[in-house]
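Dear colleague,

Please find below the structure that I am handing over to you. My findings follow directly after it.

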Amino acid sequence: MKLSELIKYLPNKQIMGNLEIPIQGITYDSRRVSKDFLFAAIRGQHLDGSRFIPDAIKYGASAILTEEPFSATSAAQIVVPDAREAMAKLSSLFYGEPSQKMTLIGITGTNGKTTITYLVESIFRAAGFHAGVVGTINYRYADKIFNAPHTTPEAPDLQRVFNEMVDNNVTHCVMEVSSHSLAQKRVDGSRFIGSVFTNLTQDHLDYHKTMEEYFESKSRLFTDFVAEEENGFSVINIDDPWGLKLNSKLKTQNSKLRTIRYSLRQDAEIQPAKTLFYEKGIEAILNTSIGSVKISSPLLGEYNLQNIMAAVGIGIGLGLDRRVIENGIANLKRVNGRLERILSNDGFQAVVDYAHTGDALERVLNTLRPLTKGRLITIFGCGGDRDRGKRPIMGEIATRLSNFTIITSDNPRSEGPMEIIKEIEGGIKNGTMVQDFKVLTPNSELRTVYAVIPDRREAIKAAVKMALPQDIILVAGKGHEDYQIIGSKKIPFDDTKEIRKAMEQRGILKVAG
């Protein structure tokens with residue numbers, strides 16, 4: 001594609017240089033530049049891409065997309081007010097606007113996004129669609145699975161993935177849309193037919209600064225994308241106060257947009273008529289606009305019923321038969337790192353979950369509490385170089401809702417593990433730190449008792465070693481992640497594997513749940 005064709009419809013641009021040159025690719029990373037690439041000099045949190053323009057030209061870039069003219073170059077320059085926005089739109093055009101060639105659904109919110117993408121993918125398959133997924137755990141389509149370095153890729157990478165999906169006959173794609181990607185305009189140039197808002201709780205305030213700013217970023221998926229579609233629809237959790245706010249905002253700004261609300265406790269387009277939560281999953285009947293939808297799922301707890309209701313909303317929005325929706329929900333057996341169970345033959349079990357916010361941790365603990373006949377033991381930490389405000393919140397929640405808590409490391413990154421732990425401890429009310437939690441019997445009342453074991457492997461080993469029959473161990477925070485980031489090093493570490501190793505050392509590993 002010639003540069004003149006690529007930028008033809010780009011508004012508010014200044015042009016310098018030859019526009020008739022061919023463009024063979026678009027990238028924001030100078031190390032990935034090849035001959036005749038367009039290099040987008042975007043501003044990051046820590047680095048300004050304009051610093052790398054000389055490197056990009058050296059590696060073969062024939063055109064530069066920038067917000068400030070660069071004097072020492074013969075390469076063509078496209079100067080725009082917002083390089084990120086322009087990069088996203090040009091990336092879509094370069095790959096032939098692939099999102100226009102399939103049905104694209106976006107899932108946003110603090111918690112629940114990954115599980116909902118798995119549920120929607122299963123519904124797509126039950127409907128006979130060729131499904132694609134872009135999410136936190138991986139990107140997958142046509143029996144291919146790729147690691148996900150980001151929940152939502154940068155625009156050139158995202159549009160390339162979309163294009164590959166189209167080339168592999170994907171008809172329907174569901175993707176997690178992070179607040180960062182919306183704020184940074186990574187998904188601009190993409191066409192979303194439907195969207196889900198799950199909830200909004202404290203997270204990423206190191207980036208967004210305020211909850212209102214966080215909310216406004218999430219809202220873009222609905223106001224700037226789905227609302228522009230003639231047949232667009234949005235699925236919103238109105239049990240969440242920010243969901244109610246979004247619902248009101250959409251009514252005010254675009255009364256024509258179809259909104260499908262779901263709620264456990266209020267009148268809504270999707271709400272439960274009957275529910276049963278037990279140790280093997282969920283049985284429920286949902287009242288919906290297409291009649292009663294019967295739910296039978298091995299996923300656990302009330303908040304997974306909310307995730308299921310969101311997925312049902314997508315099915316309804318797409319006009320699917322309720323039997324297809326029911327089968328899709330029933331066919332999903334588990335989600336990696338989301339309430340994933342590892343069973344022992346000694347009568348206790350461990351559960352791995354990605355919960356890394358206060359709200360998510362509280363939801364998981366409230367799910368496991370009714371299922372726990374012995375002690376509920378929680379192991380968790382908080383990530384370094386991330387929102388510090390949630391650390392004491394998570395400390396308070398874990399110790400309030402568990403019989404015993406082990407505070408450990410998550411991904412400390414450049415921070416000292418003990419400094420993070422001290423901030424977690426700051427939220428513990430009247431807490432007692434002990435060295436041995438055998439002091440708590442299965443019949444003990446809940447009390448604020450905890451231990452500190454900074455080494456995550458040792459924390460898991462200690463809990464497994466001391467677990468009694470009917471106990472449940474929750475290992476929270478990392479879920480599907482198979483690494484730990486300590487300093488600048490990314491080392492292999494998988495909670496599920498560490499639990500199994502610890503059980504094997506005790507000679508009690510049964511099966512993976």
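Is H480 buried or exposed? At 19% relative accessibility, H480 counts as buried, where buried means under 20% relative accessible area, exposed means over 50% and partly exposed lies in between (1.4 Å probe, protein chains only).

Before the details, a note on the basis of the values. This is a predicted model, in which local features need pLDDT of at least 70 and side-chain atom pairs count only at pLDDT 80 or more, while totals for chains, interfaces and linings use all residues. Residues are numbered from 1 along each chain as its sequence is written, and side-chain values use heavy atoms, with hydrogens and water left out.

Surroundings of H480

H480 is located in the loop between strand 23 (472–476) and strand 24 (483–486); helices (H or I, at least four residues) and strands (E, at least two) are DSSP runs numbered from the N terminus. Its side chain makes a polar contact with the side chain of R338 at 2.7 Å. A polar contact is a pair of N or O atoms within 3.5 Å; within protein, one must be able to donate a hydrogen and the other to accept it, and residues adjacent in sequence count only if both atoms are side-chain atoms. When neighbours within four places in sequence are left aside, H480 is in contact (heavy atoms within 4.5 Å) with T136, I137, N336, G337, R338 and Y354.

Overall form

The chain holds 16 helices and 26 strands. Its radius of gyration is 24 Å, close to the 24 Å that the globule rule gives for 513 residues, so the chain is as compact as a globular protein of that length. The radius is taken over C-alpha atoms, and the rule is 2.2 Å times the number of residues to the power 0.38. The C-alpha trace spans about 75 × 55 × 40 Å along its principal axes. Of the 513 residues, 57% count as buried. Among contacts between residues at least 6 apart in sequence, 69% join residues at least 24 apart.

I379 gives a local view of such contacts. This residue belongs to strand 19 and, at 0% relative accessibility, counts as buried. I379 and I473 are 94 residues apart in sequence, yet their C-alpha atoms are 7.5 Å apart in space. Not counting residues up to four places away in sequence, I379 touches I406, T408, A459, I460, A463, I473, L474, V475 and A476.

Salt bridges

The count comes to 37 salt bridges, each defined as a side-chain nitrogen of Lys or Arg within 4 Å of a carboxyl oxygen of Asp or Glu. One of them joins the side chains of E154 and R186 (3.9 Å, N to O). E154 lies in the loop between strand 9 (144–147) and helix 5 (155–167), and R186 in the loop between helix 6 (179–183) and strand 11 (194–197), so this pair ties together parts that are 32 residues apart in sequence. Both E154 and R186 are buried.

R388 and E423 also meet through their side chains in a salt bridge (2.3 Å, N to O). Since R388 lies in the loop between strand 19 (376–380) and helix 13 (390–401), and E423 in helix 14 (residues 417–425), the pair ties together parts that are 35 residues apart in sequence. E423 is partly exposed, with a relative accessible area of 22%.

A further salt bridge links the side chains of E415 and R391 (2.7 Å, N to O). Here E415 lies in the loop between strand 20 (404–407) and helix 14, and R391 in helix 13, so the parts tied together are 24 residues apart in sequence. R391 is buried, with a relative accessible area of 0%.

Charges over rings

R140 lies over the face of Y118, at 4.0 Å from the ring centre. The charged end of K478 sits over the ring of Y483, 5.1 Å from its centre. The criterion is NZ of Lys or CZ of Arg within 6 Å of the ring centre and within 35 degrees of the ring normal.

Positive phi values

D36, which is not a glycine, has a positive phi near 65 degrees. D36 lies in the loop between strand 2 (25–27) and strand 3 (37–40) and is buried, with a relative accessible area of 16%. N430, also not a glycine, has a positive phi of about 50 degrees. N430 is found in the loop between helix 14 and strand 21 (432–433) and is exposed, with a relative accessible area of 77%.

With kind regards
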